[in-house]
Amino acid sequence: MRTWSDSPFPSREELSGVPEGKTISQDNGESRLVYEIKDSPGWLAKLYKRPADAGRTSDLQRLVYLPTGMSQADQDLVDRCLAWPTTRLYDGPDLVGVVMAKAPDGFYAPLKALSGWQDPAPLPLDWLMKPADKCAQVGLHRPDLALRLRAVEELLAVGDLFARHDIVYGDWSYRNALWNQHTGEVFVIDMDSCGIGSREWVESPGWADPLFPDRSRRPTVASDSYKLAVLTVRCLTAQRQDPLEALRAVEASKGDTSLVRLLRRTLTAARLEDRPKCAELLEAVRRIRGTTASAGPSATSGPGAGADNVTTWVKVGPSAGTARPSGTTRAASGASGTDVAAASNVTGSVNLRDRSAARPAASAPESSPSPSSSGSGRPGPGSGSAADGSGATPTPGSLPPTSHTPRPAARSTSRAAARRAAMARGRSGGTSQAAASRRPRRHAVITMLFCAFCALIAALCIARYVLGWI
């Protein structure tokens, strides 16, 4: 099940529309109740202790819609690694909770206790902070370096996604991510508390950022990058204390690699602008693991950067050549499987952005009815009012893109090509007509000259006859 795309609920729902099923937790953090929704297996309702304020309401609305403008690769990451909020729950005018997906079964495990095996429970990332022997005592797999590196790569991929879309998570810690002991994958929870651009302060003990010594500045993606670096060195070493000590342990085992240098710069930078981006750490980990980034926008692309597999305008026609632009794929070449350059019967330029065949259909804004996402049965964001009763106005990038409209440039170019062809035909036709019109004129002149010659001969004959008679 995809944790965002497969949601069976609209973007806004009344609390009565999510009947209570099995209770998951009560009075945990900011929530008063988390329960499985009756007759909707795999989907949870999280109810807050108090209604959300205007700022939180606006951020949640933007979060619910944000994946509609993401690349396909980013959507896949959301659907695999994040308990993304899919629906806002209202009790009258008040936003009182959200709907989100339950973590997949791989992130649950039974633990061995003195009384015997316990029921499967969520497996927090905290277990990567424990020695391998401790994991084995409770019946878990011993996490080796390969599993630890996979977990770190997943965490940094999520952090890179957040940074590119200006999402501030803030509360990075061992308890806010679950771990799959078999694959090393992670699943980040409590996504509904994220902010866009910044957020209110939230911090677990032992995660203080030296460049945010007090709370005079709100957390940003720069403070998130520090906490992800701390999480990285702790996941790799199972050392919970001083992150610099953990970094020295990584250096002792791996040497002075690019990852170690980037981590050191992140943990010791004197200015926020000196900290490496999360994308740089992610790339260094992928080089160690020998993995490559999935198709998607570069780390420098902005929020809602558009389709991941086609990114530019391309020329079509006989002179277009055979090379594809950077970032395009065969899917962009046309459904028939032929390359763009092979189409010799059209000319001009076509914008291939957002034309991926795999990209799900975009939903409409909240002010209009929303079509279902392709293939998922998801009503999609868009069944509520745009203001949500709070006066919050959707901002650019927070609402889904509208359906694709015809590209005027490509159309006008085609028309220009048609005009040029018509002119060429006109010129060739005019030449033929002129040649045809000159042929009768030459014939008439010849005829006139012949008639004049005959008339002259006749005149001479008549003159001779008359003179001879005289």
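Salt bridges first, everyone: this structure, a predicted model, holds 26 of them. By a salt bridge I mean a side-chain nitrogen of Lys or Arg within 4 Å of a carboxyl oxygen of Asp or Glu.

Let's begin with Asp-190 and Lys-46, whose side chains meet in a salt bridge at 3.2 Å, N to O. The two residues are 144 residues apart: Asp-190 sits in the loop between strand 13 (186-188) and strand 14 (195-196), and Lys-46 in strand 4 (residues 43-48). Helices (H or I, at least four residues) and strands (E, at least two) are DSSP runs, numbered from the N terminus.

Is Lys-46 buried or exposed? Lys-46 counts as buried because its relative accessibility is 4%, while Asp-190, at 24%, counts as partly exposed. Buried means under 20% relative accessible area, exposed over 50%, and partly exposed in between, with a 1.4 Å probe and protein chains only. Both residues also belong to a network of salt bridges that links Glu-30, Lys-46, Arg-56, Asp-190 and Asp-192.

Now to helix 4 (residues 145-164), where Arg-150 and Glu-154 lie four residues apart, about one turn of the helix. Their salt bridge has its closest N and O atoms 3.6 Å apart. Arg-150 counts as partly exposed at 21% relative accessibility, and Glu-154 as buried at 5%.

A quick word on conventions: residues are numbered from 1 along each chain as its sequence is written. Local features need pLDDT of at least 70, side-chain atom pairs count only at pLDDT 80 or more, totals for chains, interfaces and linings use all residues, and side-chain values use heavy atoms, leaving out hydrogens and water.
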